[in-house]
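Biologist: Could you take me through one part of this model up close? I would like to hear about a single side chain and the helices around it.

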Amino acid sequence: MNNLKHPLTGFSEDEQIEYLCVMASLMAADAHITDEELTRLREFCETLGISGLGIGRILSAAEDSSVIDFPVVFGRIARTDLRFALFADLIFMAYADGMLAPPELSEIHVIAARLGISPHQMKAIS
């Protein structure tokens with residue numbers, strides 16, 4: 001049996017919500033949020049045990065990313081190894097609908113840079 005847990009499980013719900021809001025914001029990068037993307041995001045929330053109110057905040061971020069204080073969130077995450085998990089999860093989310101749209105890829109690169117992930121590290125992770 002696999003007992004591996006996502007690195008995010010050791011963080012508070014507020015920190016988990018911030019992380020998932022960043023993931024949710026990626027869904028709108030190509031101007032089209034698919035059912036597959038929403039399903040994947042909801043599954044992630046359920047796995048972590050995010051409250052209904054928290055899920056609402058996360059889904060709001062998918063529709064309007066202005067609710068996220070990106071500099072603060074990136075500043076917190078960039079100081080931890082969680083930044084690498086977020087980068088991998090963003091790729092996972094981008095492929096939820098079976099394709100990586102160019103705007104999604106571009107947004108992933110912008111987020112990686114804000115998290116302090118080098119191009120070499122991005123290549124190693126993806």
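Modeller: Let's start with Glu18, which, setting aside neighbours within four places in sequence, is in contact with Val73 and Arg76 (contact means heavy atoms within 4.5 Å). Please keep in mind that this is a predicted model, where local features need pLDDT of at least 70 and side-chain atom pairs count only at pLDDT 80 or more, while totals for chains, interfaces and linings use all residues. Residues are numbered from 1 along each chain as its sequence is written, and side-chain values use heavy atoms, with hydrogens and water left out.

Glu18 sits in helix H1; helices here are DSSP runs of H or I with at least four residues, numbered from the N terminus. With a relative accessible area of 19%, Glu18 is buried (buried means under 20%, exposed over 50%, and partly exposed in between, using a 1.4 Å probe and protein chains only).

Now for the partner helix. The axes of H1 and H4 come within 10 Å and cross at roughly 120 degrees; axes are lines fitted to C-alpha atoms over the stretch in contact, and angles run from 0 to 180 degrees between N-to-C directions. That makes H1 oblique to H4, given that angles under 35 degrees count as roughly parallel, over 145 as roughly antiparallel, 65 to 115 as roughly perpendicular and the rest as oblique. On the H1 side, the contact is made by Glu18, Tyr19, Val22 and Ser25, and on the H4 side by Phe70, Val73, Phe74, Arg76 and Ile77. Sorted by class, the residues of this contact are six nonpolar, one polar and two charged (Ala, Val, Leu, Ile, Met, Phe, Trp, Tyr, Cys and Pro count as nonpolar, Asp, Glu, Lys and Arg as charged, and the others, Gly among them, as polar).

Phe70 and Phe74 both lie in H4 (residues 70-78), four residues apart, about one turn of the helix. A search of the whole structure finds one aromatic pair: the rings of Phe70 and Phe74 have centres 5.4 Å apart and planes at 25 degrees, so the pair is stacked. Rings of Phe, Tyr and Trp (its six-membered ring) pair if their centres lie within 6.5 Å, and planes under 30 degrees apart count as stacked, over 60 as edge-to-face and the rest as tilted. Phe70 counts as buried at 15% relative accessibility, and Phe74 counts as buried at 4%.

Terms used:
Helix = DSSP H or I, 4+ residues; strand = E, 2+ residues; numbered from the N terminus.
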